[in-house]
Amino acid sequence: VRLAVLGAGAVGGSVLELAGAYGHEVVAIADSETAAVDEAGLDAEAVTSRKAARGTVGDADPEAALAADYDVLVEATPTTLGDAEPGFSNVTRALERDRHAVLANKGPVAERFGDLRRAEAASAGRVLFEATVAGAIPVCSTLADVGPERVSAVRGVLNGTANFVLSRMAAEGLDYEHVLAEAQDMGVAEADPSFDVEGTDAALKCVILSNLLREARADDIASVSPASLADADVDGIRDIPGSALELAAEDGTTVRLIGEATPDGVRVGPRLVPETGPLTVSGTKNVVQLETAHAGQLTLGGRGAGGPETASAVLSDVGRLTPVDDR
Amino acid sequence: VNVVRAGAERYGEELTVLLVGHVVDSDLTDTLSRIEASTEATLSDLSLSAPAGTDDASSARLRLATRPGRAEATVAAVRGVAEEKGLTVIEPLTEGSA
């Protein structure tokens, strides 16, 4: 399968590096300023070392990557809120050409789910977005396998940075600011950690899950009124003092930032959970629990972020798609 | 949530919540009596931790005994009182609570 990769950061770069091992070839890759296109297949190593040395992937205009002859477009540009551009337009341009799109970018799926589904319905191409929720963990595909109409809720730890901070606070008896500084030194938290610690990132993932649950219960696509970040009930972890974790520990519990998605909506906030419960993962790990109609709870855990981890979810999606021409 | 004996004949539920913020400065006694007044719950245990003194953010753990099926309403009432007092509630995650 021929891939065009938009975004050459940790995820896009890892897709370029790993595609060959999955039997695919990358014919184009673009960063925000340039593109490299080779319809015979790009040399991953050459592109990566050029990016490292010069900061750009190639000499072509990014537009050249969108125009390349590919089967699947991989949208891995940074998540943007609101109109979710340029990610949204990148995906619709692929769909207009009856090509598939695989997203690692949460923006278009969380913020414009209805528009995305309508664009998909008008195309021979399909849209998959496993990588947008919990990195390497196959949440969307498990939901599809179980049947989203048979899942009443999805809950879990969906942000590794917040989970790292809370688990270190509990384990070391340290305060939020101290652990956050440590996380920033280690590269676990970004210089501006608000997206993670205020719960926005976890909420976007829950909005995506809530829409999948909602869609499965609707009669037709036009009648789905998508959940959105604006409707979500979101609290972060900034205000949690170390003393809260101490009091929780005395009681055999601890605090985790838990996201909950149901067909009715989204809630994200710090919650008391048993210290040894299935949702109490440590460090940057993620965990997701599906509440199923006939099989109780199904719990999946693993790495929720990282270049190769997220790229593995992208490439699994690519494997689920057949080139339109071969159907 | 643990089921406990809350009287001679009836069983109740027990739930634990944390209150964080200026728990002491915002008059803890008043907060607790308002919680009891606005719910059918009874405070069965209280732990307070204010390592940086009472002027700084501190935490309280409240164990509330309530009637069966009233846990959700109790948590909602605690949330209401906490909001008025500028405190944050950390609720237990109960299955199916979403």
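This is a predicted model: local features need pLDDT of at least 70, side-chain atom pairs count only at pLDDT 80 or more; totals for chains, interfaces and linings use all residues.
**A friendly note on chains A and B**

1. **B:Asp27 and its loop.** To find this residue, look at the loop of chain B that runs between strand S2 (11-21) and helix H1 (28-38). The backbone deserves a glance here: phi of B:Asp27 is positive, near 70°, and the residue is not a glycine.

2. **Chain B as a whole.** Chain B has two helices and five strands. Their order along the sequence is β-β-α-β-β-α-β. Of the 98 residues in chain B, 45% are buried. If you take the contacts in chain B between residues at least 6 apart in sequence, 65% of them join residues at least 24 apart.

3. **A positive phi in chain A.** A:Asp98 also has a positive phi without being a glycine, with a value of about 60°. This residue sits in the loop between H4 and strand S5 (100-103) of chain A. Its relative accessibility is 31%, so A:Asp98 is classed as partly exposed.

4. **A cis peptide bond.** Please look at the bond between A:Glu85 and A:Pro86, which is cis, with omega about 5°. A:Pro86 belongs to the loop of chain A between strand S4 (72-75) and H4.

5. **Helix H2 of chain A.** Which residues of helix H2 (residues 44-54) are buried? They are A:Ala44, A:Val47 and A:Arg50. These residues span an arc of only 135° around the axis, so they lie on the same side of H2(A). The other side of H2(A) carries the exposed residues A:Glu45, A:Ala52 and A:Ala53. As for partners, the buried residues of H2(A) pack against helix H1 (10-18), strand S2 (25-30) and strand S3 (35-37) of chain A.

6. **Helix H6 of chain A.** In helix H6 (residues 113-121), the buried residues are A:Phe113, A:Gly114, A:Leu116, A:Arg117 and A:Glu120. Their arc around the axis is only 160°, which places them on the same side of H6(A). They pack against helix H4 (87-96), helix H5 (106-111), strand S6 (127-128) and H11 of chain A.

7. **A:Ala110 in helix H5.** A:Ala110 is part of helix H5 of chain A. With 1% relative accessibility, this alanine counts as buried. Leaving aside residues up to four places away in sequence, A:Ala110 touches A:Leu204, A:Val207, A:Ile208, A:Asn211 and A:Ala227.

8. **Helices H7 and H11 of chain A.** How do helix H7 (residues 139-146) and helix H11 (residues 200-216) meet? Their axes come within 11 Å and cross at roughly 15°. An angle under 35 degrees counts as roughly parallel, so that is how H7(A) and H11(A) are described. The crossing of the pair is right-handed. On the H7(A) side the contact is made by A:Val139, A:Cys140 and A:Leu143, and on the H11(A) side by A:Leu209, A:Leu212 and A:Leu213. Sorted by class, the contact of H7(A) with H11(A) has six nonpolar residues, no polar ones and no charged ones.

9. **Helix H9 of chain A.** A:Tyr176, A:Val179, A:Leu180 and A:Ala183 are the buried residues in helix H9 (residues 176-186). An arc of only 100° around the axis holds them, so they share the same side of H9(A). On the other side of H9(A) you will find A:Glu177 and A:Asp185 exposed. The cover over the buried residues includes helix H8 (160-172) and helix H10 (194-197) of chain A. After H9(A) comes A:Gly187, with a positive phi near 80°.

10. **A:Asn286 in strand S11.** Is A:Asn286 buried or exposed? This asparagine counts as buried, at 1% relative accessibility. It lies in strand S11 (residues 285-292) of chain A. Not counting residues up to four places away in sequence, A:Asn286 touches several residues, among them A:Ala134, A:Ile137, A:Val157, A:Leu158 and A:Asn159. The glycines A:Gly160, A:Gly301, A:Gly302 and A:Gly304 are also among the residues that A:Asn286 touches.

Terms used. Residues are numbered from 1 along each chain as its sequence is written. Chains are lettered from A and ligands numbered from 1 in the order in which they are written. Side-chain values use heavy atoms; hydrogens and water are left out. Axes are lines fitted to C-alpha atoms, for helices over the stretch in contact, and angles run from 0 to 180 degrees between N-to-C directions. Helices (H or I, at least four residues) and strands (E, at least two) are DSSP runs, numbered from the N terminus. Angles under 35 degrees count as roughly parallel, over 145 as roughly antiparallel, 65 to 115 as roughly perpendicular and the rest as oblique. A crossing is left-handed if the near helix is turned anticlockwise from the far one by less than a right angle, and right-handed if clockwise. Contact means heavy atoms within 4.5 Å. Ala, Val, Leu, Ile, Met, Phe, Trp, Tyr, Cys and Pro count as nonpolar, Asp, Glu, Lys and Arg as charged, and the others, Gly among them, as polar. Buried means under 20% relative accessible area, exposed over 50%, partly exposed in between (1.4 Å probe, protein chains only). The arc is that of the directions from the helix axis to the C-beta atoms.
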